[in-house]
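Colleague: I have a protein model open and want to learn to read it. Could you take me through a few features, one at a time?

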Amino acid sequence: MDSDLTPASSPPPAAGLEAVTVLADEVRRRLYGFTRRTHRPVTREEAAADAGVSAKLAAFHLDKLVAAGLLRSRYDSPDGIRRVGRKPKVYEPADTDIRISIPERRPDVLAEILLDALLDPEPRGDTQMAALRAARRRGEDLGTATRARSRPGRLGPERSITLAEAVLEQHGFEPDRQAPTELLLLNCPFHPLAARSPELVCGINHAFLGGFLTGVRALGIVAVLAPHPGRCCVELRAAKGGRGEPGQAAGTGLKGPGSMPLQQPDSAP
């Protein structure tokens, strides 16, 4: 399982928007379509012939597609036959999966969590509890990776919120800092699926964010289920008394999926 919320094959939203912008050009769309249809590396001359442009112009646009992450290039013989002299530059589709949604939606992440739950080698309890455990593990992985990358040292409540705000912004939650130790999340990446099963999906979101706080070792901050129309069902707040173990579920004094109340929200987040 990837340690980041964003799967390794998916670019961040900014990269996806750049790719869409690059494909707005008709010549680039034709060149890109040709490389995908051919199912083998192609030279600029082959791509130019299909698009009806010069090889020089084709090379310019192909390199723009490479820069946007839509194609990859290398020097090789397209037919696999070794010849004397310099190998030509060839192009082929990149493995990147480009998806754009505004506001950001991540049903693939929810699907991965549910798949992890179904494939759990040591199932305990029902499927819903297995999904909460899988979500918490995924959140802990993200928090651990974030801590290893940023090396923040001891994280008190305010610094915990600052770090969480930066990470959750990257993953589409649209954090809104209401106070030094209070973070609302204006977007639910799992909407509109949350509307079909708010108890399950909000519980998964809660478990994931609680796991993130545990993994990043955030002190004095808890993930709280607080359903509210038009935004994510979870908020990050200072623990009562300003203390608390990382990732502790509000109002329980316990850690782990079993401590997370699965309440029916008033409306979908």
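**Reading the model, feature by feature**

Modeller: Start with a loop residue. A68 sits in the loop between α4 (55-67) and β2 (71-75). Bear in mind that this is a predicted model.

Colleague: Is A68 buried or exposed?

Modeller: Look at its relative accessible area. Buried means under 20%. A68 counts as buried because its value is 9%.

Colleague: Which residues does A68 touch, leaving out those up to four places away in sequence?

Modeller: A68 touches E18, A19 and V22. Take V22. A68 and V22 are 46 residues apart in sequence, yet their C-alpha atoms are 7.2 Å apart in space.

Colleague: Let me step back to the whole chain. How many helices and strands are there?

Modeller: The chain has nine helices and seven strands. It holds 269 residues, and 43% of them count as buried. The accessible surface is about 13700 Å², with 53% of that belonging to carbon and sulfur atoms.

Colleague: What share of the contacts joins residues at least 24 apart?

Modeller: Take the contacts between residues at least 6 apart in sequence. Of these, 61% join residues at least 24 apart.

Colleague: How should I read confidence here?

Modeller: Check pLDDT, the predictor's confidence in each residue, from 0 to 100. The chain averages 81, and 80% of the residues score at least 70. Over residues 1-11 the pLDDT is below 50, and this stretch has 38 contacts in the model beyond near neighbours in sequence. Residues 247-269 also stay under 50. For that stretch the model has 59 contacts beyond four places in sequence.

Colleague: Now helix packing. At what angle do α2 and α3 cross?

Modeller: Compare the two axes. Helix α2 covers residues 26-38 and helix α3 covers residues 44-51. Their axes come within 9 Å and cross at roughly 115°. The crossing is right-handed.

Colleague: Which residues make the contact between α2 and α3?

Modeller: From α2 come R30, L31, F34 and R37. From α3 come E46, A47, A48, D50 and A51. Sorted by type, they give five nonpolar, no polar and four charged residues.

Colleague: What about the backbone? Which peptide bond is cis, with omega near 10°?

Modeller: The one from H191 to P192. P192 lies in the loop between β5 (182-185) and α8 (193-196).

Colleague: Next, phi. What is the phi of R151?

Modeller: About 45°, a positive value, although R151 is not a glycine. R151 lies in the loop between α6 (127-150) and α7 (157-170). R151 counts as exposed because its relative accessibility is 73%.

Colleague: And what is the phi of R217?

Modeller: About 65°, also positive, and R217 is not a glycine either. Look for R217 in the loop between α9 (198-216) and β6 (221-225). At 53% relative accessibility, R217 counts as exposed.

Colleague: Which residues is E140 in contact with, leaving aside neighbours within four places in sequence?

Modeller: G211, F212, T214 and G215. Now find A207. E140 and A207 are 67 residues apart along the chain, and their C-alpha atoms are separated by 9.6 Å.

Colleague: One last residue. Where does I98 lie?

Modeller: I98 lies in the loop between β3 (89-93) and α5 (107-118). I98 counts as partly exposed, at 27% relative accessibility. I98 and L70 are 28 residues apart along the chain, with 8.3 Å between their C-alpha atoms.

Note on methods:
Residues numbered from 1 in each chain as written. Predicted model: local features only at pLDDT ≥ 70, side-chain atom pairs only at ≥ 80, totals over all residues. Heavy atoms only, no water. Helix = DSSP H or I, 4+ residues; strand = E, 2+ residues; numbered from the N terminus. Buried < 20%, exposed > 50% of the residue type's maximum accessible area, 1.4 Å probe, protein only. Contact = heavy atoms within 4.5 Å. Areas by Shrake-Rupley, 256 points an atom, 1.4 Å probe, with all protein chains shown as cover. Axes fitted to C-alpha atoms, helices over the stretch in contact; angles between N-to-C directions. Left-handed = near helix turned anticlockwise from the far one by under 90°. Nonpolar A, V, L, I, M, F, W, Y, C, P; charged D, E, K, R; others polar.
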